[in-house]
Amino acid sequence: MTTYVEPTKVDGLTIIEDFISENEEKELLNYLDSNNSWKEEITARRTQQFGYTYDYATLKISRSETEIPNEIQYFVSKMQELGFYENNSCEQIIVNEYTNDQGIGKHTDAPCFGDTVASLSLSDPTIMLFHEYERKKATGRVCAVTLKPRSLIVLQRDARYIWAHEIPKKQEVEANGVTCIRSPDFRRVSVTFRKVVH
Ligand SMILES: O=C(O)CCC(=O)C(=O)O
């Protein structure tokens with residue numbers, strides 16, 4: 001049975017709406033679409049990676065030839081001002097593009113990544129579900145978050161390690177009384193910021 005809980009009940013989950021302005025969103029999307037970095041290595045969706053590259057086949061990370069560009073580093077600095085990613089500890093960026101019914105399966109981020117994972121949402125909104133686990137078993141407690149454009153979610157502590165997150169691979173999602181229907185030209189782009197465990 002599913003019991004929905006509010007985001008404030010998920011330890012370590014921070015949601016910051018309007019983290020960036022409409023102009024910053026537009027400029028960042030323009031940069032991501034003009035840098036020739038979109039890859040189709042994983043069939044699920046297009047991605048770009050900077051700083052370190054995570055290999056979805058071997059589940060390993062390696063130093064990337066592409067440094068984190070200034071266009072993205074600017075947002076890391078904004079997060080540092082809020083107390084996240086002290087001492088330049090954000091070293092890996094993954095950009096995900098979701099269209100049609102694309103999503104991301106239920107997961108917690110790999111152990112090679114550090115204790116803070118932040119994701120910036122651009123373009124269209126979608127629903128992210130957080131599922132609580134206890135000794136590898138789902139408890140049935142679920143938190144549904146509408147990822148609004150220009151918002152930032154930060155996962156730390158339980159939100160990072162205990163609750164698995166997913167973006168349902170569906171054009172229409174209903175969760176906790178909220179329905180999100182994707183239009184035919186739906187497009188969400190996310191920029192995820194991660195530390196690397198050395
Ligand atoms: O798209 C997002 O906001 C989350 C991405 C994510 O969970 C991942 O790349 O592991």
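1. For the classes used here, Ala, Val, Leu, Ile, Met, Phe, Trp, Tyr, Cys and Pro count as nonpolar, Asp, Glu, Lys and Arg as charged, and the others, Gly among them, as polar. On that basis, the shell around the ligand in this predicted model has two nonpolar, five polar and one charged residues.

2. The residues that surround the ligand are I94, N96, I104, D109, S119, H165, S190 and T192. Two strands, β6 (92-99) and β15 (187-196), each supply at least two residues of this shell.

3. Both of these strands belong to an open sheet of six strands, which are ordered β2-β11-β8-β15-β6-β3 and pair in antiparallel fashion. Because β2 (13-16) and β3 (46-50) stand at the edges and have a single partner strand each, one side of each is left without a neighbour in the sheet. From one strand to the next, the twist averages 15°.

4. Within the sheet, strand β8 (residues 113-123) runs antiparallel to β15 and is joined to β15 by eight bridges. In this pairing S119 stands opposite T192 of β15, and both S119 and T192 are among the residues surrounding the ligand.

5. Two helices deserve a comment alongside the sheet. Helix α1 (residues 22-34) packs on the sheet and touches β3, β6, β8 and β15, with a direction that makes about 100° with that of β8. Helix α2 (residues 70-81) lies across β3, β6, β8 and β15, and runs at about 65° to β15.

Technical notes. Residues are numbered from 1 along each chain as its sequence is written. This is a predicted model: local features need pLDDT of at least 70, side-chain atom pairs count only at pLDDT 80 or more; totals for chains, interfaces and linings use all residues. A residue is near a molecule or strand if its C-beta atom, placed from the backbone, lies within 6 Å of it. Helices (H or I, at least four residues) and strands (E, at least two) are DSSP runs, numbered from the N terminus. Two strands pair if DSSP finds at least two bridges between them. Axes are lines fitted to C-alpha atoms, for helices over the stretch in contact, and angles run from 0 to 180 degrees between N-to-C directions. Two residues are in contact if their C-beta atoms, placed from the backbone, lie within 7 Å.
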